[in-house]
Each structure stands twice: as structure tokens, then as C-alpha cells.
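Colleague: I would like to learn how to read single features in a model like this one. Could we take them one at a time?

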Amino acid sequence: MTSQFGTASSRKVIRQLEEAGYEAVFVGGSVRDYLLGKEASDIDIATSATPEEVKHVFTHTIDVGIAHGTVMVLMDGEPIEVTTYRTESTYSDHRRPDEVEFVRSLKDDLQRRDFTMNAIALTLTGELIDPFSGMIDLQNRKIRAVGKAADRFHEDALRMIRAIRFSSVLNFEIEDETLLAIQENAASIKHISVERIKVEMDKLWKGVNPAKALETIADTRLSEYLPLFPNDVQCLIACAPFETAKQGWAAMMLAGDFSVMNLAKAYKLSNREKAFLSDVLAAFNRRQFNQFTIDDYYQFHIEVLITAEQVWQTFHPNEHKISIEDMIRMQENLPIRSKEDLQIDGKDLMAWTSQRGGRWLGEWMDKIENMVLHRHCPNDAEKIKEWFLNEYKRQG
Ligand code: ATP
Ligand code: MG
């Protein structure tokens, strides 16, 4: 194992904490991903120093979550999160500890973490501290709760969704006792805010095996307690995998026959996500009757069309299919992609007719746009002028 984990700045943060007499280690997802040979996500550092002590060691810090023990250290311009070792007391509401307590023992900190693979620490010299045998579980590709799974899910029900999203992202299996505990505690997911669920679902959609994760959501009956989930999960599974999280939400909407508004409300989707879902729904409805037309290729973003097409193909496995490559080519071959691509603009129309601006201008620009789009006239200023003056006189 090489000891060169982490960025130069993050290593410097650990070194300075150690020099000040504290313990400091790398922990969490970045250590897990590093051990898996994957590109590391955000680096997390845990330390025995209290937040006040951390702020004393470094000149530039920002309080980002001091109540939870997290201080952001700005090291050579790079933000590095440092979190004090902590334990969590009783959980009376299935989501938040009643209080967090800062402690000086790394093992106590690792013990409060969700899964064994996420409870491995790495020192600056490359030594692994792995009291819950996370390395073995990583090797066996198993997601296993730290300690008694049922207790851990009872404390924080979100961990159930986290287990399932890791099974999608890493394509790991959830270990039997952990899986059983999800089944038994499924109903408690209703205590968790949709914002936290959405963060995990977004990662689930983008994972390598969302189908397996969705199957687990159905098998454990978590599906019955999530805000909205399609009754026909197989229909959703058949749409997987997804390139982006938005595509996952769109597939969920269509598979569940939910309205954009209901799904957006249930999972607090952003305005951008809502706009994407509305477009996919509109494109999907057009696709019900026909192949996509020139106007569809012109109107919709390619990601919208691809999503609608993929779901449509899943619902109609025996019908004629168009390939994604052909769809991309169709859009790339359009003579224009927007009004801005036209070789003329409103000013030209005013000059040619010696008329002032007004509603007529927009109407004629729309006509010209439509004509060029459908190749009734090339996108050439002279040709457009000729056509326009002809028509204008004829109608005027
Ligand atoms: P990712 O690569 O997606 O960021 P991650 O494991 O780093 O995955 P984070 O949500 O960033 O996940 O959390 C960082 C670490 O904090 C986890 O690895 C885990 O040790 C701990 N953790 C996060 N959420 C919980 C939770 N709900 N219960 C217990 N421990 C948690
Ligand atoms: Mg992380």
C-alpha cells in the first residue's frame, strides 16, 4: 500500500494537526474508493482535536458545521474538511442523534459510521485502521452495517437507502443480516426528510447497477413507504441503467404514471429537473403516435429525446426502434438549431420593407425559421430575402 493518499494540502493538514499533538486520519468514502482503486471522492479528515483546537492550529478556517464538529481548513487555497472524532447519543426520532459528543478515540468515531467499508481510517504513513474488518467486506464486495444492523437503521433510517444506493454505485451485495434489517425497518423511512432521500436517490440512479437497487427497494418493501414509487417496478427496472440522475427521475415518472407536479413535489425536485421532466413527458406523448419529427428534434434537447425514446422502447419492445446514434445524427443534421442560426434577423426584414418593428416581425421570423428548418429554403440571406419579399408582397 502506497502512503501517498490524498492531495498535498490534505496531507499538510494532517501533518500540522499531528505536529500540534493531535491524531488525524483520512476516513470515509475517499478511503473506501481509494482501496477499491477508484478515483477518490471528496477527502474527509477526522481528528482528535476539538473544533476549537482545529481553529487554533490553522490560520484560515471556516465554520461549516461546527455543531457536528466540522471545520473547513483553507490550506494553500484548497478547502479541506476536518471533523472531530465524535459519537452519537440516543436517537429518538430515527434520523438525528439527540446530541453529538466529541471524543478522543478514533475507534469510537469509526463505530458510529454506517457500513464497515466506510469505517476504515488511513494514516499519513499509509497504515489502515480497520476495527470492523471493512477491508474483508470490500474484498467480498459486501455492504455490512457496523454493529447490529437493526439498531443502526433504527437510529437513522436513511442508512437503509444509503445501503441500497451503494449497492447500485459499487455493484456490491448487501449482506444478509443488513438486508433483513432493512426489510424489518422499512416503515421507518417515513421519518426521513425527502431532501436527504433525494441526495441518495440521485446517486442511486447514476450507479452502475440501479436495477439491482430498485429490485431491493421493492423486495424490502421500502417502496411502500417512499413518497412515490411505481407499483410496477419491473417497468422502471427495464429502463435502467441511466446516464444521469434526471433520466432516472424521468423513468420513474413514466413508469409510475405520475404527473410532473406530483413527483416534483414528493421529492422536492429543482426547477431544472421539473423542466426536464415536462419536456420528457411532452416528447414521450408525441412518440406515442409517431417517430420524432424534425420539429421535435428542433424543439427538444437531445437528452430529453433520448430519455423519452429509451423509455418508449422499453414499453414497446416489439416495435420499430431508432438508434441513439441515428437520433444524434438527426439533430446534428438540422439546417439550424435556433433562430440565432438564421442568416438574417429582424433588422433585415425592417430594412427590406422599410417598416418599423411590431408584431408582424415576430410572425415573419417564425415563418422564415420554419421554412429554413424544413428545408423549403436554404439558410442563405439572398435566398431568404427573395422568398420573403415574394411572400410579403403576395400577402400584403
Ligand atoms: P460518496 O462517495 O458518495 O461521498 P461517502 O461514503 O463519502 O460516499 P458521505 O455521505 O460523503 O458518503 O459520508 C461520508 C462518511 O460519513 C461515510 O463514508 C460514513 O463513514 C459517514 N456517514 C455518512 N452518512 C452517514 C449516516 N447516515 N450514518 C452513519 N455514518 C454516515
Ligand atoms: Mg463523501
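Colleague: Is Thr-314 buried or exposed, or in between?

Modeller: The model is predicted, so every value here is computed from it. Buried means under 20% relative accessible area and exposed means over 50%, with partly exposed in between. Thr-314 has a relative accessible area of 25%, so Thr-314 is partly exposed. The residue is in helix H16, which covers residues 302-315.

Colleague: Which residues does Thr-314 touch, leaving out those up to four places away in sequence?

Modeller: Contact means heavy atoms within 4.5 Å. By that reading Thr-314 touches Cys-235, Ala-238 and Cys-239. Ala-238 is 76 residues apart from Thr-314 along the chain, yet their C-alpha atoms are separated by 6.3 Å. There is also a polar atom in the side chain of Thr-314 that lies 2.7 Å from the backbone oxygen of Gln-310.

Colleague: How does Ser-10 read, buried or exposed?

Modeller: The cut-off for buried is under 20%. Ser-10 has 0% relative accessibility and therefore counts as buried. Ser-10 belongs to helix H1, residues 8-19. Beyond four places in sequence, Ser-10 touches Phe-26, Ile-43, Ile-45 and Ile-80. Its side chain reaches the backbone oxygen of Thr-7 at 2.9 Å.

Colleague: And where is Arg-152?

Modeller: Arg-152 is in helix H6, residues 149-155. Its relative accessible area is 6%, so Arg-152 is buried as well. Its contacts, again without residues up to four places away in sequence, are Gln-111, Arg-112, Arg-113, Asp-114, Val-146 and Arg-159.

Colleague: Now the ligand. How many residues surround ligand 1, and which are the closest?

Modeller: Ligand 1 is surrounded by 16 residues, and the closest are Arg-32, Asp-156, Arg-159, Arg-162 and Arg-165. Arg-159 is also one of the residues that Arg-152 touches.

Colleague: Which polar atoms lie by the oxygen atoms of ligand 1?

Modeller: For Arg-32, a polar side-chain atom lies 2.7 Å from an oxygen atom of the ligand. In the side chain of Arg-113, an N or O atom is 3.0 Å from an oxygen atom of ligand 1. Asn-118 takes part through its backbone, where a polar atom is 3.0 Å from an oxygen atom of ligand 1. Taken alone, ligand 1 exposes 590 Å², and the protein buries 78% of that.

Colleague: What is the space taken by ligand 1?

Modeller: That space is the largest pocket. Two elements give two or more residues each to the shell around the ligand: helix H2 (29-35) and helix H7 (158-169). The largest share, four residues, comes from H7.

Colleague: Last, the backbone. Which peptide bond is cis, with omega near -5 degrees?

Modeller: The bond from Ala-240 to Pro-241 is cis. Pro-241 lies in the loop between helix H11 (233-239) and helix H12 (245-256).

Colleague: What is the phi of Arg-141, and where is the residue found?

Modeller: Arg-141 is not a glycine, yet its phi is positive, about 55 degrees. Arg-141 is found in the loop between helix H5 (134-139) and strand E10 (142-143). With 41% relative accessibility, Arg-141 counts as partly exposed. Lys-268, also not a glycine, has a positive phi of about 50 degrees. Lys-268 is found in the loop between helix H13 (260-267) and helix H14 (271-287).

Definitions and conventions:
Residues are numbered from 1 along each chain as its sequence is written. Chains are lettered from A and ligands numbered from 1 in the order in which they are written. This is a predicted model: local features need pLDDT of at least 70, side-chain atom pairs count only at pLDDT 80 or more; totals for chains, interfaces and linings use all residues. Side-chain values use heavy atoms; hydrogens and water are left out. Buried means under 20% relative accessible area, exposed over 50%, partly exposed in between (1.4 Å probe, protein chains only). A residue is near a molecule or strand if one of its heavy atoms lies within 4 Å of it. A polar contact is a pair of N or O atoms within 3.5 Å; within protein, one must be able to donate a hydrogen and the other to accept it, and residues adjacent in sequence count only if both atoms are side-chain atoms. Accessible areas come from the Shrake-Rupley method with a 1.4 Å probe; for residues, only the protein chains shown count as cover. On a 1 Å grid over the protein atoms alone, a cavity is a set of points where a 1.4 Å probe fits but cannot get out, and a pocket is an open set with protein on both sides within 12 Å along at least five of seven lines; lining residues have an atom within 4 Å of a point. A molecule sits in a cavity or pocket if more than half of its atoms lie within 2 Å of its grid points.
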